[in-house]
Amino acid sequence: MPIRTVITHAKKHPGLIPQFFFLLVGMTGASCYLIRLAKGPHVSWNRKNNPEPWNTYGPNYQYKLVAVNTDYKALKKEGPDF
């Protein structure tokens, strides 16, 4: 029902089409980013089998979404193994 209302308003007022488009793009981007954060290595969904999931990744794992000047292949581990 809400989609039919959006289409009806878009037909009556064509100036609303860009607003609906960018609203949809923004909601899709926010949802994708939220899903990416939920799947990150710092989130523990299963505390019994893997209470510290960040310890399973090596030192060359890219945690950031965009790494501009960091070469993750050349990094070495600085801490002890737990």
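Here is a quick briefing on the fold, the surface and a few residues of this protein.

What you have is a predicted model, where local features need pLDDT of at least 70, side-chain atom pairs count only at pLDDT 80 or more, and totals for chains, interfaces and linings use all residues. Residues are numbered from 1 along each chain as its sequence is written, and side-chain values use heavy atoms, leaving out hydrogens and water.

**Overall picture**

- The secondary structure comes to 2 helices and 0 strands (DSSP runs numbered from the N terminus, with helices being H or I of at least four residues and strands E of at least two).
- Of the protein's 82 residues, 6% count as buried (under 20% relative accessible area, with exposed over 50% and partly exposed in between, using a 1.4 Å probe and protein chains only).
- Take the contacts (heavy atoms within 4.5 Å) between residues at least 6 apart in sequence: 13% of them join residues at least 24 apart.

**The Phe21/Phe22 spot**

- Phe22 sits in helix α2, which covers residues 17-38.
- Phe22 counts as exposed because its relative accessibility is 58%, while Phe21, at 49%, is partly exposed.
- Searching the whole structure turns up 1 aromatic pair (Phe, Tyr or Trp rings, the six-membered one for Trp, with centres within 6.5 Å; planes under 30 degrees apart are stacked, over 60 edge-to-face, the rest tilted).
- That pair is Phe21 with Phe22, edge-to-face, at 5.2 Å centre to centre and 70° between the planes.

**Around Pro53**

- Pro53 lies in the segment after α2, and Pro53 counts as buried because its relative accessibility is 10%.
- Pro53 and His42 are 11 residues apart in sequence, with 6.6 Å from C-alpha to C-alpha.
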